[in-house]
Amino acid sequence: MESQPAFVHWESEELRDHHRRLTQRYEACRSQKMALDMSRGKPCPEQLELSREMLGIVAADDPLRAADGSDCLNYGGIDGIPEAQSLFARMLGVESKEILIGGNSSLTMMHDALTRAMLHGVYGSERPWGRLPKVKFLCPSPGYDRHFAICELLQIEMIVVDMLPSGPDMDQVERLVREDDSIKGIWCVPKYSNPDGITYSDAVVDRLSQMKTAAADFRIFWDDAYTVHHLTPEPNVLKNILAACRAAGNPDRVFLFCSTSKITFPGAGVAVLASSENNLGLIRRQLAVQTIGPDKINQHRHVRFLRDMDHLKTHMERHAAIIKPKFDLVLRKLEEELADKQIASWHKPNGGYFISLNTLDGCADEVVRMAAEAGVTLTKAGATFPYGKDPRNRNIRIAPTYPSLTELETAIDILCLCV
């Protein structure tokens, strides 16, 4: 849902007077030399405390045997321990045989999956992507800056696709992939998207699974980062992309990623890749050269701590109880300060970690600069677009989770003042 404020007309002198008052308020804020950071979507200390029990969940005399009897202290188990595969399969609505468990970071798994595609191709590729004259990726925007950074590092050309309230503009997507065989993939954050908080509609999921692509080895990089990160008791529902692709006759089209980075500990979580058996078979052979197995002790800790879907749900409700008041505060402040001026719009997410604010065209850079001078660090304007260039220079990503409520209220007051 996006706020659409009503138009208010002021005469020139009224605007000048208002500007003088706002400038005085701004200078007063700047003179306080504050240091408030809303640049990244980090869990706050209170959220991290929710998982502290996990640090002591494995005793020194614990045999640390997986469900299949294998030794979690030793080499092996490149897929992950069976009980971890089962837990994540239930979380993602897939089968255990479609799960491969990695290290602590889904971003690392995404980087490696795309790097392997450049070096070796994917299942069904005629040759490695990196040997082609050009490789392109579709990037629904505003989107996740770290996805775009991977493409930039690997010299993959990025094409902006507009985000609509239902997800990517599928008319654009279908036309582009149908006409250009150098387009090898698309980035998607399908549930509570970063930063808009949009959940893809069933129709968008179906069209992604069914669309005709000029590249036979086209892949959807499905970053389901916020799959259980709800803010309300009525969560958004996302259609299962693996099942949709199987039904459409394109079972190998998706790489689905998620992690526990914002469920337990960001630096010590468990990351997961879900995909078809064909895709995973090739990836296992490639990973066998890279590693002799992931951190099975950490997987064991997570399974013991999270236990089952009911316990996971309760755990995530505790997260929501901490961060929802912060989202509510930001949205209330935006409504109070900006809703009647027709100078900004924003989405009201039902989950995830961000609020997406749009200023008037051409203003985001200046708003971010002014906020920084007043002591509020925001994500760089343009970061939510490929190459850091927002064509309308209007999108600002707000990350409300880490600051305290008091800090957050001050920071949003300053942000609204700058807008």
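Two strands count as paired here if DSSP finds at least two bridges between them. Helices (H or I, at least four residues) and strands (E, at least two) are DSSP runs, numbered from the N terminus. The model is predicted: local features need pLDDT of at least 70, side-chain atom pairs count only at pLDDT 80 or more, and totals for chains, interfaces and linings use all residues. Residues are numbered from 1 along each chain as its sequence is written, and side-chain values use heavy atoms, with hydrogens and water left out.

**Stop 1**

Select strand E7 (residues 219-223) and strand E8 (residues 254-259). The two run parallel and are joined by four bridges. Within this pair, Phe-221 stands opposite Phe-255 in E8.

Contact means heavy atoms within 4.5 Å.

Next, select helix H3 (residues 82-92). H3 lies across E2, E8 and strand E9 (271-274), and runs at about 120° to E2.

Then show the whole sheet. Its eight strands follow the order E2-E9-E8-E7-E6-E3-E4-E5, with mixed pairing, and the sheet is open. Which strands are at the edges? They are strand E2 (99-101) and strand E5 (167-168), each pairing on one side only.

**Stop 2: two cis peptide bonds**

Select Ser-141 and Pro-142. A cis peptide bond joins them, with omega about 10°. Pro-142 is in the loop between E3 and helix H5 (145-153).

Move on to Asn-194 and Pro-195, which are also linked by a cis peptide bond, with omega about 10°. Pro-195 sits in the loop between E6 and helix H7 (202-210).

**Stop 3: a salt bridge across the chain**

The structure holds 29 salt bridges, each defined as a side-chain nitrogen of Lys or Arg within 4 Å of a carboxyl oxygen of Asp or Glu. Select Lys-136 and Asp-180 for one of them: the closest N and O atoms are 2.7 Å apart. This pair links distant parts of the chain, 44 residues apart. Lys-136 belongs to strand E3 (residues 136-141), whereas Asp-180 is in the loop between helix H6 (170-179) and strand E6 (183-188).

**Stop 4: the two domains**

Colour domain 1 (6-47 + 313-418) and domain 2 (66-307) separately. These bounds come from an automatic or database domain assignment. Taken over C-alpha atoms, the centres of domain 1 and domain 2 are separated by 30 Å.

Select the residues where the domains meet: 26 residues of domain 1 are in contact with 34 residues of domain 2. The domains bury about 2600 Å² between them, 62% of it on carbon and sulfur atoms. Buried area is the accessible area (1.4 Å probe) that two parts lose on being put together, summed over both.

How many salt bridges are counted between domain 1 and domain 2? The count is two. For a salt bridge to display, pick Arg-40 and Asp-145, whose side chains meet at 3.0 Å, N to O.

Between domain 1 and domain 2 there are also twelve residue pairs in polar contact, both residues at pLDDT 80 or more. A polar contact is a pair of N or O atoms within 3.5 Å; within protein, one must be able to donate a hydrogen and the other to accept it, and residues adjacent in sequence count only if both atoms are side-chain atoms.

On the side of domain 1 that touches domain 2, helix H11 (309-338), strand E11 (355-359) and strand E13 (395-398) each supply at least two residues. H11 gives the most to that side, with seven residues.

**Stop 5: the three-stranded sheet**

Select E10, E11 and E13. They form an open sheet in the order E10-E11-E13, with antiparallel pairing. Its edge strands, each pairing on one side only, are strand E10 (344-346) and E13. The twist averages 25° from one strand to the next.

E10 and E11 pair over three bridges in the antiparallel sense. To see a bridge pair, select Ser-345, whose partner in E11 is Asn-358.

**Stop 6: a positive phi**

Finish at Lys-33, a residue other than glycine with a positive phi, near 50°. Lys-33 lies in the loop between helix H1 (12-31) and strand E1 (36-38).

Terms used. Axes are lines fitted to C-alpha atoms, for helices over the stretch in contact, and angles run from 0 to 180 degrees between N-to-C directions.
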